[in-house]
Each structure stands twice: as C-alpha cells, then as structure tokens.
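User: I am new to this structure and would like a close look at a single part of it. Could you take me through the place where the chains touch, and give me enough background on each chain to follow along?

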Amino acid sequence: MKDVSLFIPCTVDLFLPHVGEATAFLLRRAGVKPIYHQAQTCCGQPAMNSGYTQQAKKAAKHFIDLFGDDEAVVSPSGSCTCMVKYHYPEILSDEPEWFGRATELAPRVYELSQYLVDVLKVEDLGATFNGKVAYHESCHILRGLGISEQPQKLISAVKGAQLVPMNQADFCCGFGGEFSVHYPDISESMVQDKIKNFIESNADILLLCEPGCLLNISGYLSRNLPGKKVMHLASFLASNGREER
Amino acid sequence: MQIKTEEFAELAKREVAKSRAYPSLKNAPNMLYTKRMVGMKTLPDVAAYQAYGAAIRAEALNRLPELLEEFEKNAVANGAKVVWSRNAKEADEYIVNLAKERGAKFVIKGKSMVTEEIGLNDTLNDQGIVPWETDLGEFIAQQMQRPPFHIVAPAINLTCEEICEVFMKQVDMKERTLDPVALGLAARLFLREKFHRASFGVAGVNVAVAETGTTINLENEGNIRFTKSSPRTLVLVMSIEKVVPTMKDAMHIVRLLSRNCTGQRLPAYVSMDSGPKRTGEIDGPDEMIIVIVDNGRSKLYQDTRAREALRCIRCAACLNTCPVYRQIGGYSYGWVYSGPMGQVLMPLLLGLDRTQHLYRATTLCGACKSVCPAGIDHPKLFLYYRSMDVSGAPYFKGKKRPSGEGRFFKAWSMALTHAWLWNLGVRLARNVINKFAADGVISKLPGGTFAGWFEKRDLPAIAKKTFRERWKETKGGN
C-alpha cells in the first residue's frame with residue numbers, strides 16, 4: 001500500500017478535526033495508507049498574508065524539513081496547498097538551497113479532491129446521500145489551483161445525491177483570513193450574498209473544500225440561520241452527509 | 001480631490017449600509033460583468049488573446065523610456081507639441097496658463113481619469129476657468145460634485161430621481177422627467193452650446209502609439225471626438241504608461257479594452273489623432289499639445305516588481321468582478337481610482353503609509369487577476385505591499401505595523417518549529433478561549449485581536465481533542 005502524507009492545516013487540527021479524520025478515512029478507502037507527521041504545525045499562510053515574510057519563511061523551512069522526502073502530500077485545504085506549492089518557492093527565492101527544495105517538493109503536494117480524482121483515479125468513494133447539494137468554488141481551490149471538476153466528479157458519484165447549480169458559485173465568501181477580522185462589515189455582506197445564492201439553489205447542503213470558507217460560512221449560519229448546513233466535502237463523503245464532530 | 005484613503009474602513013462601512021438599503025446598487029457592476037462575459041465569447045481563444053495583451057503591456061513597460069522618446073519624436077513630427085510634467089502641479093499649471101494665454105473662459109473635457117488624478121478641474125475652477133465635463137456620466141458626477149463611482153461608468157450608481165433633481169436646478173431642464181433618454185437629451189442640449197463656442201478642449205488618451213506618434217481614444221458618446229475636433233486648442237493628457245510599441249499592438253489593446261470593459265467588440269467611436277489640422281484639411285484643432293504626466297510613476301517604475309501595476313489599461317473588468325467592490329462601490333477607496341486596479345496603483349502613488357486599507361481590504365480571492373487583460377497579478381502585489389509595510393521599507397513609505405501584531409507573529413513562528421511548544425500553546429489557548437464557549441460554540445471573546453470576527457459570526461470551540469491528539473490516541477486509526 002502506498003503511503004500518503006497528511007498535511008492537516010492548523011484550522012482543521014484545532015477547530016475541525018473531523019475533516020482531518022474524514023480525509024484519512026477517504027484516502028484509506030481509495031486504497032492508500034495515510035501517515036501523519038506529528039511535528040507539523042502551520043504552513044505559514046497567516047504570516048505571509050499579513051506581510052510577515054520572515055516568519056512565513058521559518059514556517060516554510062520547517063514544513064520542507066518535515067515533508068521534503070514524502071512521495072505525496074495531501075491536504076483538505078486549497079489555500080494551504082497553494083501556500084506550499086506556489087508561495088514557498090516565491091518567499092524562498094532569495095535562498096537558493098531552500099528555493100531548490102521548495103521547488104522540488106511543490107509538484108508532490110496535492111489538494112484532497114485533486115489527489116483522489118487526478119492521481120488515484122477514484123471518483124466513487126461509496127458514499128450515499130438522498131438530497132440536493134450545491135458546491136461553493138473556493139477562491140484558492142478554483143483560481144489558485146485550477147480545481148473545479150474534481151470535487152464535482154466526487155459529488156456526482158455519490159448515490160442519490162443531486163448536484164444543483166448555484167449562482168455566483170465562484171464568488172468569494174468573504175473569509176480572506178485577516179480580512180474577515182479587520183473588515184467585518186464587508187465580509188458579512190459577502191457571506192450574506194453567498195448564503196442567499198445557496199438558499200435560492202434549493203440545495204440541502206452547501207459543500208466546499210476549504211476549511212477557511214467553512215469556518216466563515218458555518219460561523220455566520222450558526223449565528224443567523226442555524227437550520228442551514230455547510231460541510232467540507234471530505235466529511236460529507238465520509239459520513240454520507242451526517243458528520244458532526 | 002481630497003485624499004481620504006485612510007478613512008477607507010469607515011467609508012466602506014457606510015457604503016455597505018447604503019447598498020443594503022438600496023440593493024439595486026449592486027446591479028451595476030454585475031451588469032457590466034455579464035456584458036463582459038458575453039463580449040469575451042466573441043474571441044476565438046480568450047486565454048490566448050488575454051495573454052497576448054499581457055505580453056504587449058509587459059514589453060511596453062520594459063521598454064518604456066525608449067518608447068516614450070520614440071512617441072515624442074513621432075508626435076512632434078506630426079505637428080503636435082509634447083510637454084512633460086513631473087507632477088500634478090506642473091501639469092495643472094501648464095494647462096491653466098495655456099488656457100489663460102488662449103483667452104479661454106471655459107474648457108470642454110472628455111472623460112479622463114488622469115485629469116481627475118491631477119485635480120485639473122479644481123485648479124481650473126480656482127483660476128476662474130470653468131471645466132465642463134462632456135461624458136454624460138462624468139457630467140452628472142460633476143454637477144453633483146461627486147467623485148467617480150466607477151472608473152468607466154462614473155455615475156452608474158445614481159438614480160434617475162437624483163439626476164432629475166440636479167438637472168432641474170443646474171442644467172436648465174424645463175420639465176421633470178425620469179425618462180433616461182429625456183435626461184440624456186437635456187444634457188446634450190445643455191452641452192451642445194458649450195461645444196460650439198469652445199476654444200479649448202482637454203481629453204485623455206487610451207493608447208499612445210510609439211511608432212506613429214498617434215493617440216487613440218475609445219468612447220460611446222462621441223463627446224471625446226467632439227472635444228477633440230471642435231476647439232482650436234486641444235490638450236491631450238496621458239500618464240507615462242499609456243504608450244505601446246506599434247499600431248498592431250495598439251489594435252490588440254483596443255480589441256481587449258472594449259471587450260473587457262463593456263463587452264463590445266468595438267465601442268461606438270474609436271478616434272485616432274496624429275497631429276493637429278494640416279494645411280488643406282478642414283477639420284481638427286489648430287494646435288495639439290500632449291501633456292505626459294509622471295506624478296510618481298517613474299519612481300515606482302524603478303521597482304521592477306511594483307512596476308507591474310502600470311500595466312493597467314483601465315478596462316475596469318477587475319472592479320466589476322471584485323466581490324469587495326461589489327459590496328462597497330467606488331466611493332470607499334478614498335481617491336481617484338477604485339477597485340483592485342486602484343488598490344494596486346494608489347499605494348504606490350500615495351505611499352504605503354496612508355493606503356494600508358487599500359492593500360489589506362482584500363480577501364486575495366484572485367477574481368481580478370483572472371480577468372485582467374494586462375496580466376496583473378493583483379494578489380501578489382498586495383502581498384508585496386503588505387511585506388513592505390511590515391518591514392517599514394522606506395522607498396514606498398512602508399509603515400511599521402502595531403507592535404502587538406509583530407510580537408504575536410514572532411512568538412507564533414518560534415512555536416511552530418517546536419512541536420512541544422506549539423502543543424503547549426494549543427492547550428493554553430484551549431483553556432482560555434473555550435471558557436467562553438456554550439454548546440461547543442464561541443459567540444464572543446472579550447476584546448482582543450479577533451473581536452472583528454465575533455462581531456458577525458461564531459467560531460467552534462477548540463476541539464476537546466485536536467486532530468493530532470486523536471491520531472495519537474487511535475494510533476492513526478490503525
């Protein structure tokens with residue numbers, strides 16, 4: 001059995017551990033063996049996005065030391081995958097040795113749905129769900145990694161599930177890390193638009209592949225529309241749409 | 001125009017409330033966005049056309065000094081005069097003095113963002129010369145003393161009621177009407193007389209062609225062509241980055257600009273000027289002066305990364321697609337330009353210290369980059385500005401961040417390379433913040449860095465057992 005290294009974002013580790021477990025579960029079901037480096041922490045994205053490049057570099061070096069020899073690194077997050085795949089070589093560009101290691105690692109880092117569909121060629125993970133679902137195209141999944149078909153193929157293979165179209169599915173939900181903290185009014189207005197489109201799609205569940213969007217959208221729903229449900233695709237597939245903690 | 005970039009957060013908050021009260025405000029960018037999508041479909045290979053545009057703009061910038069000299073040489077050979085202005089003041093003074101020398105009592109203007117940038121209308125007004133904007137949207141905005149809401153459609157946010165109100169007072173409109181065509185006619189009748197009597201015209205430039213010394217304008221109302229052909233003296237104002245090497249390059253930019261901007265294959269009017277009226281010609285100005293404005297651009301040009309911001313061709317596709325612009329509109333950005341193109345340009349023109357909001361009020365969603373025909377990577381520039389802001393880079397007046405934030409990231413980066421320290425931090429944070437949780441949900445934390453989050457949303461409590469702890473306990477579920 002092939003070993004696949006789990007890259008669990010800190011948001012998942014702390015707030016959404018079930019998403020991490022679902023990731024491991026799906027990989028096993030797809031016939032590979034997930035391994036987990038206990039010393040992994042954070043990929044450094046918050047530091048880079050806030051402008052703290054030196055601190056982000058420290059995170060990058062730690063990550064590369066830890067994951068550098070893995071054959072495949074898989075994460076249930078698009079933005080964290082982007083960080084390692086595209087931003088590590090950028091922020092380390094002035095340190096030739098590290099730049100080389102970052103560049104070498106980059107093609108071996110995958111987002112979960114991408115790894116399942118493109119590499120393992122698996123679409124049907126045996127999940128069933130009786131109802132309608134919509135799919136939110138998270139910014140770093142869609143525009144960062146160019147992933148759009150893969151999650152929708154995984155959803156379409158779920159027995160009984162109907163993937164319904166949603167207006168402005170490719171619009172940002174208003175998370176943006178520090179943005180949601182510094183500009184709560186704009187951010188709220190954006191997530192309201194997202195939820196309006198979700199409700200109008202008549203879907204029972206909104207699915208996505210990005211922990212940041214999940215925290216943002218579920219955080220808003222929890223306060224304002226607790227009946228509405230948003231899930232990470234991994235936990236949806238692993239729990240047949242039931243999930244929860 | 002007063003610079004209010006530091007007030008972004010308050011302005012945006014006000015505008016969000018406004019668009020909540022008048023949801024139709026959100027329709028305008030969406031309409032332009034949809035038109036663009038339709039227009040782009042007329043291209044056989046969108047990605048290739050956009051990439052070609054990006055390559056032209058990249059080459060134009062890399063060769064900028066040389067191309068400007070070539071443009072000047074050819075424009076002068078065509079009979080135009082070329083004037084270089086280091087800053088807004090120089091440009092304004094030159095134009096105002098010329099207008100005085102020519103005895104102009106008023107000036108007719110074609111819509112031009114760079115004249116907004118240099119505050120030309122204010123300077124003209126101060127000197128007793130009345131500037132008349134002749135683009136309908138710009139005319140309305142001018143009458144209402146509003147800044148442009150959108151760089152292409154400056155009054156697109158205003159209602160017919162508001163326009164009727166101001167036209168009754170200021171534009172000699174005889175009867176109240178909410179019919180947009182009738183409002184348009186009132187403006188035309190009012191401006192027609194200005195056009196006929198005008199001796200002095202000012203317009204901008206969309207593209208300048210180095211190899212021919214030609215300037216090109218794109219528009220849909222014919223007012224720019226009128227402005228350029230009616231008066232004896234014509235002043236064309238352009239910023240230094242408008243030049244491209246060849247006419248073929250310019251035609252490709254025209255193709256992209258019209259489609260990305262309004263979804264048109266071509267706008268109603270494309271006019272090209274290679275010098276003033278020549279002997280034997282019956283039309284055109286007696287003299288043509290091209291004012292080339294720097295206003296901080298050659299300084300930012302020295303930074304080869306920041307230079308990318310100058311690629312912009314002002315199509316405004318990034319505004320129409322931007323999820324933030326769609327919520328807050330153009331008034332929030334606090335100066336001339338708005339949306340992502342303004343957010344990458346204004347910090348370099350004004351300094352990073354007074355524009356922090358502009359490069360931080362973005363989710364880095366990349367929608368702007370995905371539509372840009374000039375190949376600007378806006379998110380990458382925002383990250384670059386943020387890093388210069390944190391390091392206090394003096395060249396662009398980087399401003400150090402609050403010390404608490406710096407201390408946080410230092411401690412954080414120390415912890416993340418030592419798993420034991422990281423885990424200790426997680427346990428401590430869990431003990432502290434989970435005290436505020438009810439049923440596994442935190443709705444409020446007293447004060448602190450993350451207060452903004454809890455203003456609008458909840459957060460799950462930190463898991464009783466993190467993924468790492470669960471994995472350890474179950475030995476990875478094996």
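Analyst: Here is a walk through the contact between the chains, followed by the build of each chain behind it. Please keep in mind that this is a predicted model.

Let us start with the contact as a whole. Chain A brings 51 residues to it, and chain B brings 52 residues. On the side of chain A that touches chain B, several helices each supply at least two residues: helix H1 (10-15), helix H2 (17-29), helix H3 (45-50), helix H4 (53-67), helix H8 (139-144), helix H10 (178-182), helix H11 (184-200) and helix H12 (211-224) of chain A. The helix that gives the most to this side is H11(A), with 7 residues. Sorted by class, the side of chain A that touches chain B holds 25 nonpolar, 19 polar and 7 charged residues.

Two packed helices are described by the angle between their axes and the distance between the axes. For H11(A) and helix H1 (residues 8-21) of chain B, the axes come within 9 Å and cross at roughly 30°. Angles under 35 degrees count as roughly parallel, so H11(A) is roughly parallel to H1(B). The crossing in which H11(A) passes H1(B) is left-handed. Which residues meet here? From H11(A) there are A:Asp185, A:Ile186 and A:Ser189, and they meet B:Ala12, B:Lys13 and B:Val16 in H1(B). By class, the residues of this contact of H11(A) with H1(B) are 3 nonpolar, 1 polar and 2 charged.

Now for the chain behind H11(A).

Chain B contains 23 helices and 13 strands, and its C-alpha trace spans about 90 × 55 × 45 Å along its principal axes. Of its 478 residues, 46% count as buried. Among contacts in chain B between residues at least 6 apart in sequence, 73% join residues at least 24 apart.

Chain B is divided into domain 1 (1-41 + 312-401), domain 2 (48-148 + 198-295) and domain 3 (404-477). The C-alpha centres of domain 1 and domain 2 of chain B lie 24 Å apart. Their contact takes 21 residues from domain 1 of chain B and 23 residues from domain 2 of chain B. On the domain 1 side, helix H2 (residues 27-40) of chain B gives the most, with 6 residues. That side of domain 1 of chain B is made up of 15 nonpolar, 3 polar and 3 charged residues.

Methods
Residues numbered from 1 in each chain as written. Chains lettered and ligands numbered in written order. Predicted model: local features only at pLDDT ≥ 70, side-chain atom pairs only at ≥ 80, totals over all residues. Contact = placed C-beta atoms within 7 Å. Helix = DSSP H or I, 4+ residues; strand = E, 2+ residues; numbered from the N terminus. Nonpolar A, V, L, I, M, F, W, Y, C, P; charged D, E, K, R; others polar. Buried ≥ 20, exposed ≤ 12 C-beta atoms within 10 Å, placed from the backbone. Domains from an automatic or database assignment. Axes fitted to C-alpha atoms, helices over the stretch in contact; angles between N-to-C directions. Parallel < 35°, antiparallel > 145°, perpendicular 65-115°, else oblique. Left-handed = near helix turned anticlockwise from the far one by under 90°.
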